[in-house]
Amino acid sequence: MTINIGFVVAEFNRDITYQMEILGEEHAKFLGAKVAQKIYVPGAYDMPLAIKKMCEDKNIDAVVTIGCVIEGDTKHDEVVVAQVTRKMTDMSLEYGKPITLGISGPGMTRMQAMDRMDYAKRAVEAAVKLCQRIQ
């Protein structure tokens with residue numbers, strides 16, 4: 001059985017999230033999973049509604065988030081990631097589907113973000129493993 005994954009991809013810091021998206025897609029293919037749907041959102045903070053829509057789709061087995069939250073002059077990056085990850089966990093439990101964290105940050109520079117592009121691969125791998133183990 002093929003595992004159908006949905007990607008929710010943040011457009012903010014798109015130069016980085018684009019590369020993350022490609023790495024995630026390649027890794028899904030390598031693992032025998034299919035990226036069946038994608039929803040692009042303005043930024044990581046905007047992900048929960050798109051995640052919910054994917055969770056409601058019976059054809060989607062897991063949702064992978066792809067985003068990059070870079071540190072600024074304030075603690076805004078910490079607020080964004082804390083809120084999104086809290087909702088991701090809540091929805092994963094509510095819908096009984098893996099929702100995995102491919103969002104790098106907070107507290108990192110642009111250079112550190114570039115070094116962490118493999119978070120997308122890790123999130124895809126976690127989604128596939130969870131689907132295999134809980135179904």
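A residue is called buried when its relative accessible area is under 20%, exposed when over 50%, and partly exposed in between, with a 1.4 Å probe and protein chains only. The model is predicted, so local features need pLDDT of at least 70 and side-chain atom pairs count only at pLDDT 80 or more, while totals for chains, interfaces and linings use all residues. Residues are numbered from 1 along each chain as its sequence is written, and side-chain values use heavy atoms, without hydrogens and water.

C55 is buried because its relative accessibility is 4%, and C68, at 4%, also counts as buried. A disulfide is a pair of cysteine sulfur atoms within 2.5 Å; the count by this rule is 0. For C55, the closest cysteine sulfur belongs to C131 and lies 11 Å away, too far for a bond.

Helices (H or I, at least four residues) and strands (E, at least two) are DSSP runs, numbered from the N terminus. Strands β1 (residues 4-10) and β2 (residues 34-41) pair in the parallel sense over 7 bridges, where pairing requires at least two DSSP bridges. A10 stands opposite V41 in β2.

Buried in α3 are D77, V80, V81, V84, M88, M91 and S92. They lie on the same side of α3 because they cover an arc of only 105 degrees around the axis, taken from the directions from the helix axis to the C-beta atoms. L93 and E94, on the other side of α3, are exposed.
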